[in-house]
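I wanted the overall build, then the charged pairs.

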Amino acid sequence: MPLISLVGMPGGGKSTVGRQLARQLGLPFYDSDHEIEARIGMSIRAYFELHGEPAFRDLESQQIDRLTREGDCVLATGGGAPLREQNRQMLRERSHVIYLRSTPEDLFRRLRHDTSRPLLQVKDPLKRLRDLFRERDGVYLRTAHFVIETGRPSVPALLQMILMQLELAGLVDASRVPSPIDPHHGPEAGPA
């Protein structure tokens, strides 16, 4: 079973989908942001305010290096992780990278009431999301082995799309991919 990394914009569903994907594949799940918070003993937002983004990005690179050496797992990365060449290289070489691609408008709909994301605590968060998407989309595309357009499907539908891509690539056994026509063999039913 491979190490699978998820990249994408803040609020793109990396943690939610990653947790479900790990459960379906019987793999451990790690969220690089949660791992960093556990290590530093404070929220990323507080760390950003105290030490700035460059110090946070250094910690993030250390965590990605550690987590991509852990062995087979599903890893949700922070939205800015692929901005560093070193991180992109580690992710591409050590894992199968899936880009959960969301439009800024879809992200805004999901995040408009979320106060925990430091990069979105601005006067016009939709403009900020559009700017971030413009800056990052190409980086995510270059990092990814697979691109999943998220749009508005449910988590089970996204999970199905990811599992089908991984199966087509020969990375997961077909028995782990729920049948779209068998309701008793969906993502909630657990591994076959």
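**Burial and salt bridges**

I began with burial: of the 192 residues in the chain, 45% count as buried (under 20% relative accessible area; exposed is over 50%, partly exposed in between; 1.4 Å probe, protein chains only). I kept in mind that this is a predicted model, where local features need pLDDT of at least 70, side-chain atom pairs count only at pLDDT 80 or more, and totals for chains, interfaces and linings use all residues. Residues are numbered from 1 along each chain as its sequence is written, and side-chain values use heavy atoms, with hydrogens and water left out.

Next I looked up the fold and found eight helices and five strands, taken as DSSP runs (H or I, at least four residues; E, at least two) numbered from the N terminus. I noted the order as β-α-β-α-α-α-β-α-β-α-α-β-α.

Then I went for salt bridges (a side-chain nitrogen of Lys or Arg within 4 Å of a carboxyl oxygen of Asp or Glu), and the count came to 15.

Which residue pairs with Arg57? I found Glu60, with the closest N and O atoms 2.8 Å apart. Both sit in helix α4 (residues 53–67), three residues apart, about one turn. Arg57 is buried at 9% relative accessible area, and Glu60 is buried at 0%.

Arg84 is in the loop between β3 (74–76) and α5 (85–94), so the pair ties together parts 26 residues apart in sequence. I have Arg84 as partly exposed at 26% and Asp58 likewise partly exposed, at 37%.

Last entry: I saw Glu35, Arg66 and Glu70 linked in a salt-bridge network.
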